[in-house]
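I wanted to get to know this structure by looking up a few things in turn. My notes follow, in the order I made them.

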Amino acid sequence: MDDTTRGWINGGIGVAIFAGSLPATRIAVSGFTPVFLTCARASIAAALAVALLMLLRQQRPQRQQLASLAVVALGVVVGFPLLTALALQQVTSAHSMVFVGLLPLCTAIFGVLRGGDRPRPAFWAFSLLGSALVVGYAAMGGLQASLRGDLLMLAAVLVCGLGYAEGARLSRRLGGWQVISWALVLALPLMLPLAWLSRPDSLASITPPAWLGLGYVSLFSMLIGFIFWYRGLAQGGVAAVGQIQLLQPFLGLALAAGLLHEPVRASMLWIMAGAAVCVAGARRFAH
C-alpha cells in the first residue's frame, strides 16, 4: 500500500470522527456556554496530549516551529471550536453541516499557499463544483435562518482550513499526533484559566447528554481525529486528501437526524451524493 492510499484511509477515518463534532457541539452548548466548551475541550485534550508526549518521550519542537504551531492552535484548537459553538446557538447542526462543504476548497487553497501543493487544473474544477453544490444548497435552503450563525460558520471554515494546511505541513517533520499535541500544549496556559473563569455556576443542572457532548469533542474531535487527519494530509497531500471533507456533511447529517432528530430533506442527500462524485474526481486529478 503506497503513501497516497494510506493518506486517503487515514484522512477518511479522521473525517468520520470529525463528522460527529458539530452534532456533539450542538448537544454540549445546551448545557455549557461556547467559551467554556471551547476552553474545557482544549484543556481536557491537552492533559491527554501531555501524558502522551511524556510517556513516549517526544522531543520539544524547535523554536522556528512555534509560529506554525501557534497558527494550528489558533485555527483548530481555539478558532473553529469557538466559532462553531457560537454559530450552533443560532442554527441547527444539520444547517451548519452544509458549510463544512467549503472546507475542502479552503484547505486546498491554503495547501497551495502554505504547503506547496500543485494539483492539476481538473482537480480545481471538481473541488469548485463540489463546493458550489454544497454552498448553492445552503443559499436555496435557508441562509435566512440566521445571518449571524452563517457568518460565524464561514469564519470557522476559513480559520479551520488554515489550521489544517499548516498542521499538515508541520506533520511532515513532527508527525501527525505530535502536531496537534504540541498545539494543545501551546494553548493550555490560555485555555485552562479561561475554562475556570467561565465554568458553570452549578454543575447540578448539566444534563448527561451535554456531558457526553463535551466528552466527545474533547477526546475525539480535539485529539484522536487529528491523529488520523494530519497523518492522512501529510501522506496523501493537503489538497487531495482534504477533498474527503466533502463527505463530512453527509455523515454529519445522518448523525444529526439520528441523534438530534433534526430534519434531513431528500435534497440534502442528493447534494451530498454529488459531492461524493466530486471527491472521486478530485482524487483522480490531484497529482
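**Pocket, cysteines, rings**

I began with the second largest pocket and asked which helices line it: α3 (34-55) and α9 (176-197) each give at least two residues to its lining. I kept in mind that this is a predicted model.

Next I noted the pocket's volume, which comes to about 160 Å³. The residues I found around the second largest pocket are F36, A40, S43, L192, A195, W196, R199, P200, L203 and W211. Sorted by class, that lining has eight nonpolar residues, one polar and one charged.

F36, A40 and S43 are among the lining residues, and their numbers fall inside α3 (34-55). I jotted down a reminder about helices: with 3.6 residues a turn in an α-helix, residues three or four places apart point the same way.

Then I looked at α3 itself. It has 22 residues and runs 32 Å from first C-alpha to last, close to the 32 Å expected at 1.5 Å a residue. Just after α3, I came across R57, which takes a positive phi of about 55°.

**Cysteines**

How many disulfides are there? I counted zero. C39 is in none, and the nearest cysteine sulfur to it, that of C160, is 17 Å away.

**Aromatic rings**

Last, I went through the rings and found nine aromatic pairs in the structure. I picked out Y164 and F226, whose ring centres are 6.1 Å apart and whose planes meet at 65°, so I wrote the pair down as edge-to-face.

Where do the two sit? Y164 is in helix α8 (residues 147-174) and F226 in helix α10 (residues 208-236), so their pair ties together parts 62 residues apart in sequence. Both Y164 and F226 are buried.

How values were computed. Residues numbered from 1 in each chain as written. Predicted model: local features only at pLDDT ≥ 70, side-chain atom pairs only at ≥ 80, totals over all residues. Heavy atoms only, no water. 1 Å grid on protein atoms, 1.4 Å probe; cavity = no way out; pocket = protein on both sides within 12 Å on 5 of 7 lines; lining within 4 Å. Points joined across faces, edges and corners; volume = space filled by probe spheres on them. Helix = DSSP H or I, 4+ residues; strand = E, 2+ residues; numbered from the N terminus. Nonpolar A, V, L, I, M, F, W, Y, C, P; charged D, E, K, R; others polar. Expected span 1.5 Å × (residues − 1). Disulfide = S-S within 2.5 Å. Phe/Tyr/Trp six-rings, centres within 6.5 Å; stacked < 30°, edge-to-face > 60°. Buried < 20%, exposed > 50% of the residue type's maximum accessible area, 1.4 Å probe, protein only.
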